[in-house]
Amino acid sequence: MTIIRPPAVAGTFYPADADILRSEIDGLMDAALHSDAVSGDAPPKAIIVPHAGLMFSGAIAALGFATVRALKDTIKRIVIIGPAHRMAFQGIALARADQFATPFGTMRCDLPALQKALALPHVQMLDEAHTLEHGLEIELPFIQRLFGEDADIGIVPLLVSRCSPRQVHEVIEKLWGGPETLIVISSDLSHFHDYDTAQRMDNRTRAMIENFDAENIDTSDACGALPVAGMLMAARNRGMKIKTLGMRNSGDVTGDKSRVVGYGAWTVYDAKAANMQDNGVDDFTKATEHLIKTHGAEMLGLCRQSILHGVETGAPLQVSPSQFDPALATPGACFVTLKKAGQLRGCIGSIMAHAPLATDLCENAFKAAFRDPRFAGLGRDEINDDLELSISILSPPAPFPFDGEADLISKLTPFEDGIILSDGNRRGLFLPQVWDQLPDPKDFLAQLKRKAGLPMDHWSPNMRAERFVTRGISSRDIQASGFWFAR
């Protein structure tokens, strides 16, 4: 007989109606995939994500799940570890279930992996701990929408109560597996402090996570402190890297800042794989220069058509990737920029390759012309020879380490580096083209801080940067006049 653990918090923490839930998850994932926070680091081995109701922490959880999108055809097993909220017990608990259900259907439990975990003395079967528990269940709809509602992926749901971080670490090592295994650590951050206190506490927790400080994080910092600490031990021992994707608290959602709960998302990935990206920049440059040489005029033509289509219909040009060469049908990230008489008229783009390049070009061209919040929509009378259109194709962003502001300034390469700068929830991006207006690295950094919503003289130990490069083409490169009405 098949034993199914039914959903416990459908209708409270998330919608019980499958269609409504599908719409909400898809909206959260779409926003995450368009976020600057989700970049092209090496695919993660593990993510740390929150587990409150979707309206509170769903946007932050989606950032974590968005980083594993590229693993859709690789992942066969997902180990989910979170704290037990409903009852206390000794050790770590599994459920006596073959499947876990959500409004999307059921996910099978990886029974061989469960048996492997049960071989450890501090792991037990305890259905009662799972019956009303939300901390693992809330992650399942993300997994089902991301990997497919009917995907054959086994889950290993583990609830942690009274045990040591070392014991959680043992379970993680036991189930680590290879590229087929993803580990999801489920945890919120501080609970029920005022907004400013929560921010201070959560920033301290962020620093502990980024520094692999498994020994000092405790349940006042994160309800899932034990699962987080066990993961930090494994990551530290394996020489991995950790990246903060985003942080917020319930006060940012509700406006009530008297008593808030904190949320954060992190990705844990292989440092060796990340270092390989340095060589990948050269590969990207060569491949993209060839792409532009071969298809540059066609790419500009797509952007032109999408803008002209937008003038007539108010919507971007819809294209089918099957119409195009594979180079334009594969995922790519681009920015599209419009200049009128040499002055910026619109610029919108994607930092992460989330759609076929041809689609991304059409969507970003339309948005640059009609949806850039800094400008009114492009008028028909503005489409003439002094309107220049340019495309920038972006490499995947990579972490850009530095030791203080002076060191960051010294490491910048003018006219080559694109930079994403972040501090907490503040984030700004400059394309390499910005060096044309700000050739001094100190000015470049100051204005980038300003774009991120920070004072130009601001600095903090939480500042982070990512670097990318671009290769591009302009309508002026192929046609000095008559571009907008060329056939």
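Let me begin with a term: a salt bridge here is a side-chain nitrogen of Lys or Arg within 4 Å of a carboxyl oxygen of Asp or Glu. What we have is a predicted model, in which local features need pLDDT of at least 70 and side-chain atom pairs count only at pLDDT 80 or more, while totals for chains, interfaces and linings use all residues. Residues are numbered from 1 along each chain as its sequence is written, and side-chain values use heavy atoms, with hydrogens and water left out.

I will start with Glu-133, which sits in the loop between helix 4 (127-131) and helix 5 (140-147); helices (H or I, at least four residues) and strands (E, at least two) are DSSP runs, numbered from the N terminus. A polar atom of the Glu-133 side chain does lie 2.8 Å from the backbone nitrogen of Gly-135. Leaving aside residues up to four places away in sequence, Glu-133 touches several residues, among them Arg-5, Pro-83, His-85 and Leu-159, where contact means heavy atoms within 4.5 Å.

Now to the domains. The assignment gives domain 1 (4-275) and domain 2 (279-477), with bounds that come from an automatic or database domain assignment. Their centres, taken over C-alpha atoms, are separated by 32 Å, and 22 residues of domain 1 are in contact with 18 residues of domain 2. The area buried between the two domains is about 1600 Å², of which carbon and sulfur atoms give 43%; this is the accessible area (1.4 Å probe) that two parts lose on being put together, summed over both. Of the area that domain 1 buries against domain 2, His-34, Asp-36 and Arg-206 supply 33%, more than any other three residues.

Two salt bridges are counted between domain 1 and domain 2. On the side of domain 1 that touches domain 2, the elements giving two or more residues are helix 7 (195-210) and strand 11 (241-249), and strand 11 provides the largest share, five residues. Separately, Arg-464 and Glu-210 meet through their side chains in a salt bridge (2.2 Å, N to O).

For the whole model, the count comes to 23 salt bridges. One of these joins the side chains of Glu-466 and Lys-243 (2.5 Å, N to O). Because Glu-466 lies in strand 19 (residues 464-468) and Lys-243 in strand 11, the pair ties together parts that are 223 residues apart in sequence. Are these two residues buried or exposed? Both Glu-466 and Lys-243 are buried.

Finally, helix 14 (residues 441-451), where the buried residues include Phe-444, Leu-445 and Leu-448. The buried residues of this helix pack against helix 13 (405-411), strand 17 (418-423) and strand 18 (426-430). At its start, a side-chain oxygen of Asp-440 reaches to within 2.9 Å of the backbone nitrogen of Lys-442, and just after helix 14, Gly-453 takes a positive phi of about 85°.

Technical notes: A polar contact is a pair of N or O atoms within 3.5 Å; within protein, one must be able to donate a hydrogen and the other to accept it, and residues adjacent in sequence count only if both atoms are side-chain atoms. Buried means under 20% relative accessible area, exposed over 50%, partly exposed in between (1.4 Å probe, protein chains only).
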